[in-house]
Amino acid sequence: MDIVTVLKTAVAAPIIGVFLIPIANKISVKARNACAVALGLVTFAACASLLSPMMKGLTATYSVDFPLGFDFVLSADLLSVFMAAIFSFVSVIILVYSLDYISRYENQTEYYAMIALFLGSMMGLVFSANLLWLYIFWEITAIAGWRLAGFFRSDRDVAKANKMLLVAVFGGLCMLIGILMIYSDKGTLDLRFLKGEIIPPAAAALLLAGIFAKSATLPFSAWLSDAAAAPAGVGALLAVVLVNAGVYAYARIFGAVFATPAGFSCLTLVPAGLSALVAAGAALIEKDIKRILAYSAVSQTGFIFLGLASGNKTAFIGGLLYILMHSMAAGALFLCAGIIEQKTHTRDIARLGGLFKTMPVTAAAFALASLSVMGIPPFGGFFSKFLVFKGAMQNANPLVLTLFFCGALLTFLYLARLFYLVFLGEEKVQNPKEGSALMLAGVLAPALIGLALGALIYYPCVYADLLAARLGVNLE
Amino acid sequence: MTSDTGLLAYLLIPLFTAVLLPFVARRRPGFSASLANVTLLAGLLNIGYALLNPASLAASFADIKEDGFSLLMIFLIYLVALAVTFFSAWYLEGRPNRAAYYSLILTSVSAMCGAVTTGDFFTLYIFVEALALTCAALITADDSAAGLEGALKYFLLTWPASLLILFGIAFLLLTAGTLSFENLKAIIASGRPAGAVVFAVSLILLGFLVKSGVVPFHAWLPDAYQGACAPVSAYLAAVVTNISGVYAVIRIAMLLRLFEIKSYHTSGLLMFAGMLSIMVGALAALRQKEFKRMLAFSSISQTGYIALAAGLGTPLAILGAVFHLVNHAVFNTVLFLNSAGLEKAAGAGDMRRLGGMEHAMPWTSWTSIIALMSAAGIPPLAGFWSKLIIILALWDGGAKVYAVPALLFSLVTLAYLLAMQKKIFFGKATEASAASREARPALLVPVAALSVLIIALGAFFPYVFSYLLETIAARILL
């Protein structure tokens, strides 16, 4: 099939799904579930099949003219396909996991429709080659995230979801002001024509504020730990996919298009380093398992920024690999937490313990994913962390590096503590059961893939290397 | 058919039906609703066809010197009026005096059509006053004392505006000797001293600002909306205030632009009042407990965006103002009609007594989510594009000081609308809401149709934009 058609399919399939899912629900619940998973699979297949044409150096572009230079341009290149493949894969895992997990609650149709909308707008976001459309999809992900985070309808949950949307829209508006500055400065928002241009410092700072609000980096990190109270599938979707939307925007805007002003790297790295350290500290003392994992995601995102912003090729490759490894591991961790919560009816780690005996598969998946996040060889997480630090040592400020080293140490500590308190020690919960087959498949798959990626690190490395060489700007 | 009679038909036919209604409906009271709906639907289809076929538009309305602005406004008037009468047909079923109610609506439609098609200030004034009278009578259609109170407030608080307009017109006649837009343009173009003319036009502008409820002249608006019965308040908020105030403000802003530097202060003050409205309206809406009052303050805030853009006066800004006017009318109709449906279903407009309505009323909940997202300027809905054009125009026009807060205040808009959605539709069901059921399908039709319109105007933005550009902005350039 023509790669432009594949590109259009990747964006259109989930968006059409938003309307198909409620219709399928009228037929039967099974039809709706099948429809949701099928749409996820189609999207993933489309994105994955674009990987190899991109490595051959092909590009695919589809555009519709809009007035005032707001053209709707979809463009596939190495970076967008890489991110789209990761996002759609994680979404498929979450959809499969949700089939069982979510079947006990109300508003299921809305849940699936919103996941489809979320996935569709995510695809739109990564493939947009026009900053305005990037912003539009950016806001649609926020709306879908808002409905998903407000899945439970108690006052507290709705208030948390509203808080999340307000933070996201605030970030989005900052970004929009930055985009308008670029528009009045350069006269176009088409990223294909802006490559290598120097961005005004104020616009760069505003875009960065928007990115940090999305990626839950300090000082905008509070929404993620609140939103973690939503169902586990949503937690995983927000912590892995939504947060990485911010990371993608950084990689796209500052890594692949604009030349950044001097000192910009420092402006990124200081908040990122602080959030890596502070969130890790928070994860060490927090008692709610989902909040711990949310803090962990905030902390790990800091490391991704370290890789992308250090301004050298090794670190940039490390950052890209980090996105891949962290998505797999964090997805598995969140989904494990969902199984634990559902089977024991508590999220408080002080009231959990000794689950290893009754939930061995969950424990194994949790352990594998934790080891990857800690960065223990031969897991995938080791290589990415190693490359990020290796590259960053050449450029970054020693103080900033110290922040990150401490953060990495704390990562080890909080994950070890979490695993010990939940799975080892004395049994405190009455009759916990292992999760169902579908849910276990949902946690094992990403955990094992994390291990497999470590063994086959050569292939993602080659891809990331090509990506950095062809698209990277601001790299030594 | 000549052009004048072509446009006059939109004015005369509803007036004719309005006169006919009380006689026809004497025997069968239910017939009045159908007749009003059919009249408005026919008008809407007619104007809709004319708008969608610009070629036939140019042929049959060759004499329209101005632009497509008037035609767009006629379309809007018919659209909202039809939504309201269709809704009322079921909402007011069984009430007495229905024939009078529909007569008044049709009369006000014809008054509004007169106001938007006229080419001089005096006729505009006459039609706007006729509109004010019919609307005061409409507000009393709510049988309770609140209706009478609202009507009196509406009339007494807006009559100083009429006085200002009348003074302005007198002064204009003294200084310029003409009241027609075309002649005024010619006078300005001839380069005669314009100070006195600017003053007279400013007086008229001030009057219309009071009528559009821009801060600091907004005191009458929440009371009037709250006092009226639900569909009437939708009608007032969505189209009457827009036509009797905001439309004229945009028209005058188009004129003011021609004065260039001489009208600098007037334009500056208009922008300032617009910004003030955005801020005061949004902040006051945050504190409201009553659904309709909150929506009233929200309208004040949205009107602020239009006034801000009109004050800037560049073609792009005027285009944005007109587009936002259309969007404002559409999402306001949806929100107000939903509030009416809620009131009918749960018997309460107080947000503290409602909760968890989404299960009982899923359609009402989703349509109001769409409308509020459009109001808050969330892409890709229609409201996003109009706000974006306004902000872009402000930025390009050198008014960055206004552009940034105007943008950030859409966050406040989102905040109060989310709080509303949370209190009314999400959360636990209260006593009042547990017993309620979804409004009848017939009541949902106008709301659902307008929600589709919100999405469509956003999705087909390129067409909307080029249409507005050709019919409105291109003509302002002179």
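Helices (H or I, at least four residues) and strands (E, at least two) are DSSP runs, numbered from the N terminus. The model is predicted: local features need pLDDT of at least 70, side-chain atom pairs count only at pLDDT 80 or more, and totals for chains, interfaces and linings use all residues. Residues are numbered from 1 along each chain as its sequence is written, while chains are lettered from A and ligands numbered from 1 in the order in which they are written.

**View 1. Ile211(A) sits in helix α7 (residues 201-214) of chain A.** Ile211(A) is buried, because 27 other C-beta atoms lie within 10 Å. A residue is buried if 20 or more other C-beta atoms lie within 10 Å of its own, exposed if 12 or fewer, and partly exposed in between; C-beta atoms are placed from the backbone. Leaving aside neighbours within four places in sequence, Ile211(A) is in contact with Gly246(A), Ala249(A) and Tyr250(A). Two residues are in contact if their C-beta atoms, placed from the backbone, lie within 7 Å. Ile93(A) is 118 residues from Ile211(A) along the chain, and their C-alpha atoms are separated by 26 Å.

**View 2. The largest nonpolar core has 400 residues.** Such a core is a set of buried Ala, Val, Leu, Ile, Met, Phe, Trp, Tyr and Cys residues joined through C-beta atoms within 7 Å. Among the residues with the most contacts inside the core are Leu224(A), Leu237(A), Ile77(B) and Val80(B). Leaving aside its neighbours within four places in sequence, Leu224(A) touches residues including Ala216(A), Leu238(A), Val243(A) and Ala297(A).

**View 3. Chain A meets chain B through 20 residues of chain A and 22 residues of chain B.** On the chain A side, α5 (131-149) and α6 (155-186) each supply at least two residues. The largest share, 12 residues, comes from α6(A). By class, this side of chain A has 14 nonpolar, three polar and three charged residues. Ala, Val, Leu, Ile, Met, Phe, Trp, Tyr, Cys and Pro count as nonpolar, Asp, Glu, Lys and Arg as charged, and the others, Gly among them, as polar.

**View 4. In chain B, helix α4 (residues 69-91) packs against helix α20 (residues 441-459).** The angle is about 160°, and the axes are 8 Å apart. Axes are lines fitted to C-alpha atoms, for helices over the stretch in contact, and angles run from 0 to 180 degrees between N-to-C directions. α4(B) and α20(B) are therefore roughly antiparallel. Angles under 35 degrees count as roughly parallel, over 145 as roughly antiparallel, 65 to 115 as roughly perpendicular and the rest as oblique. The residues in contact include Phe86(B) and Trp90(B) of α4(B), and Leu443(B) and Pro446(B) of α20(B). The contact has 10 nonpolar, no polar and no charged residues.

**View 5. Helix α16 (residues 362-375) and helix α18 (residues 400-424) of chain B pack at about 165°.** Their axes are 9 Å apart. The two helices, α16(B) and α18(B), are therefore roughly antiparallel to each other. Ser368(B), Ile369(B), Leu372(B) and Ala375(B) of α16(B) meet Thr413(B), Leu417(B) and Gln421(B) of α18(B). This contact of α16(B) with α18(B) has four nonpolar, three polar and no charged residues.

**View 6. Val464(B) lies in helix α21 (residues 461-476) of chain B.** Val464(B) is partly exposed, with 19 other C-beta atoms within 10 Å. Chain B has 21 helices and zero strands. Of its 478 residues, 59% count as buried.
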